[in-house]
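Trainee: Can you show me how to read a model like this one? Start with the fold, then go on to the backbone.

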Amino acid sequence: MKTAHTYTKLMFVIMAAIALFTGCSKDEDGYIASSLRSSDWQGRITEYYQNRWGISGSEYSTVMGFESKDAYYTSGRGYELDYKTSSPQENYAFCTFKWFIVDGDITIIYDDDKWNPIYIVDYQLSGNSFYGYIYNGTDRRIHFDLEKTTFADWEYYRKRGACTFNTGYHAPQLKNKEGVSIANGIFADILKNKE
């Protein structure tokens, strides 16, 4: 009888632990998603510009925006803008992506097939700070350091990205699955040279 009682207690403890850990994971994913969606994130991603674009220097920045269908979703769509800080409307690359969170890990899948998905698994997200490391399918860790902001110029890039440009520095809209990708200036030149 004592063995059955001990076994029953043990089963309740195990079931409670499973419920606790499962609940925490979903709650954590929800917290991360709501933090990402609360505003835009702007800053630097070291080595990223060299790795993705083949450009180096400290004059490049990135801003990312995350959206989802409602406040309870841990997935959605987003926007990324890589730009030269001295001339953001002349030298930029704008693209869209899908994002989702599972057990605290953030995955970003770009709509443009040319760019690998990225995985954000080693990071801190609290208050106005979002920093850590990005993995892009290679064995390199790419450091990022972003701050919460409200980026007021998304509409400018969305409208530019919806057009097809055939002259000057403008690159045509990139072929992608369902989103928008457009580049201008140095970023357009890089993409033209890769074709």
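Predicted model: local features only at pLDDT ≥ 70, side-chain atom pairs only at ≥ 80, totals over all residues.

Trainee: How many helices and strands does the chain have?

Mentor: Count the elements, then read their order. The chain has 4 helices and 9 strands. From the N terminus, the order is α-β-α-β-β-β-β-β-β-β-α-β-α.

Trainee: What share of contacts joins residues at least 24 apart?

Mentor: Set aside pairs that are close in sequence. Among contacts between residues at least 6 apart, 50% join residues at least 24 apart.

Trainee: And burial? What percentage of the residues counts as buried?

Mentor: Burial is judged by a cut-off: under 20% relative accessible area. Of 195 residues, 40% fall in that class. The chain exposes about 10900 Å². Carbon and sulfur atoms supply 55% of that area.

Trainee: Now the backbone. Which loop holds glutamate 47?

Mentor: Glutamate 47 sits between strand 1 (40–45) and helix 2 (48–53). Its phi is positive, about 65 degrees, yet the residue is not a glycine.

Trainee: Where is aspartate 103 found?

Mentor: In the loop between strand 4 (92–102) and strand 5 (105–110). Aspartate 103 is not a glycine either, and has a positive phi of about 50 degrees.

Trainee: Is aspartate 103 buried or exposed?

Mentor: Exposed, because its relative accessibility is 52%. The cut-off for that class is over 50%.

Note on methods: Residues numbered from 1 in each chain as written. Heavy atoms only, no water. Helix = DSSP H or I, 4+ residues; strand = E, 2+ residues; numbered from the N terminus. Buried < 20%, exposed > 50% of the residue type's maximum accessible area, 1.4 Å probe, protein only. Contact = heavy atoms within 4.5 Å. Areas by Shrake-Rupley, 256 points an atom, 1.4 Å probe, with all protein chains shown as cover.
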